[in-house]
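Student: I am new to this structure. Could you show me how to read it, one feature at a time?

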Amino acid sequence: MRIIKAKDYADVSLKAAGLLAAQVMTKPDSVLGLATGSSPIGLYDRLIGWYQEGLLDFSGIETFNLDEYLGIERTNDQSYYYFMHEHLFDHVNLPKDKTHVLNGRAEDPEAECRAYDDAIRARGGIDLQLLGLGHDGHIAFNEPADNFPDGTHIQGLDPRTIEANARFFASEDDVPKQALTMGIGMIMRARKIVLVVNGADKADAVAACVNGPVTPSVPGSILQFHPDCTIIGDEAALSKL
Ligand code: GLP
């Protein structure tokens, strides 16, 4: 694991955007794994800015998002589909048919999961996977469990995750209780991983992932076994390392 200490959120975003931009420039037909949540918004803003300045070209890039709430409409402004369009897809020249987000309203969610894994494999796997980190150490929506799930699957959300995500919904009751998420196996097969994290409330989760034992009760701890994983955090998030 490579740990990069940034000053603050803006600095985390700048440094992480730099790594994504380097990937896009050095391999213009890259497959990017993308994340939602508040952590990556700043880096998406940077990428949009560089695109508008003519420094980046996304025309050959394909993207696969990590997760989506089960049962949510894509038109719902809390869906991750909506989030990605609002924060990135609508502002850069990514071909719209090359941006993949799991469909939370799929008639057969299990089939949706299998098709998603097949599509990623058909494209040769993920070159660079962007990640955030949940307070309980979850990555994507892989919650603490007894094992590390391999493929895309349906996941029940932990009360702490529901509580953390309630800030985006009208009330905690409105937060979906299940999600579709890429599995740990697929994430670990990405050739590069960049995890962005900020804030003192994530310091325990970061310490558990970096210094704790590798265990499915802290899903992000598996990243210790990845050959090319970079964690970019602000001082507060890295304060317990
Ligand atoms: C959600 C997402 C994760 C994200 C996490 C942290 O649970 N499924 O992919 O990493 O929230 O979100 P935030 O960056 O808002 O703290």
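Tutor: Start with helix 7, residues 203-211. Its buried residues are Ala203, Ala205, Val206, Ala207, Cys209 and Val210. Keep in mind that this is a predicted model.

Student: What covers the buried residues of helix 7?

Tutor: The cover includes three strands: strand 1 (2-6), strand 9 (192-197) and strand 10 (229-234).

Student: Is strand 9 mostly covered or mostly open?

Tutor: Mostly covered. Of the six residues in strand 9, five are buried.

Student: Which strands does strand 9 pair with, and in what direction?

Tutor: Pairing is read from bridges: two strands count as paired when at least two bridges lie between them. Strand 6 and strand 9 run parallel, joined by four bridges. Strand 9 and strand 10 also run parallel, with five bridges between them.

Student: Which residue in strand 9 is the bridge partner of leucine 131?

Tutor: Leucine 195. Now follow leucine 195 onward: its bridge partner in strand 10 is isoleucine 231.

Student: How many bridges join strand 4 to strand 8?

Tutor: Three, and the two strands run antiparallel. Strand 8 covers residues 178-181.

Student: Which residues does isoleucine 120 touch?

Tutor: Leave out residues up to four places away in sequence. Then isoleucine 120 touches Phe64, Gly125, Ile126, Met182 and Met186. Take methionine 186 as a case. It is 66 residues from isoleucine 120 in sequence, yet the two C-alpha atoms are 8.8 Å apart in space.

Student: On to charged side chains. How many salt bridges does the structure hold?

Tutor: Nine. To read one, look at the N to O distance. Lysine 27 and aspartate 127 meet in a salt bridge at 2.9 Å, N to O. This pair links distant parts of the chain, 100 residues apart. Lysine 27 is in the loop between helix 1 (9-26) and strand 2 (31-34). Aspartate 127 is in the loop between helix 4 and strand 6 (128-131).

Student: What other salt bridge links distant parts of the chain?

Tutor: One of them joins the side chains of arginine 105 and glutamate 73, at 3.1 Å from N to O. The two residues are 32 residues apart. Arginine 105 lies in the loop between strand 5 (99-100) and helix 4, and glutamate 73 in the loop between strand 4 and helix 3 (80-87). Arginine 105 counts as partly exposed, at 47% relative accessibility. Glutamate 73 is partly exposed too, at 40%.

Student: Where do arginine 121 and aspartate 118 lie?

Tutor: Both lie in helix 4. They are three residues apart, about one turn of the helix. Aspartate 118 has a relative accessible area of 44%, so it is partly exposed. Salt bridges can also share partners: such bridges join Lys27, Asp127 and Arg191 into one network.

Student: Last, the largest pocket. How many residues line it, and which lie nearest its centre?

Tutor: The lining has 36 residues, and Thr36, Gly37, Ser38, Asn165 and Arg167 lie nearest the centre. The space inside is about 640 Å³. Strand 4, helix 3 and helix 5 (159-165) each supply at least two lining residues.

How values were computed: Residues are numbered from 1 along each chain as its sequence is written. This is a predicted model: local features need pLDDT of at least 70, side-chain atom pairs count only at pLDDT 80 or more; totals for chains, interfaces and linings use all residues. Side-chain values use heavy atoms; hydrogens and water are left out. A salt bridge is a side-chain nitrogen of Lys or Arg within 4 Å of a carboxyl oxygen of Asp or Glu. Buried means under 20% relative accessible area, exposed over 50%, partly exposed in between (1.4 Å probe, protein chains only). On a 1 Å grid over the protein atoms alone, a cavity is a set of points where a 1.4 Å probe fits but cannot get out, and a pocket is an open set with protein on both sides within 12 Å along at least five of seven lines; lining residues have an atom within 4 Å of a point. Grid points are joined across faces, edges and corners, and a volume is the space filled by probe spheres set on the points. Contact means heavy atoms within 4.5 Å.
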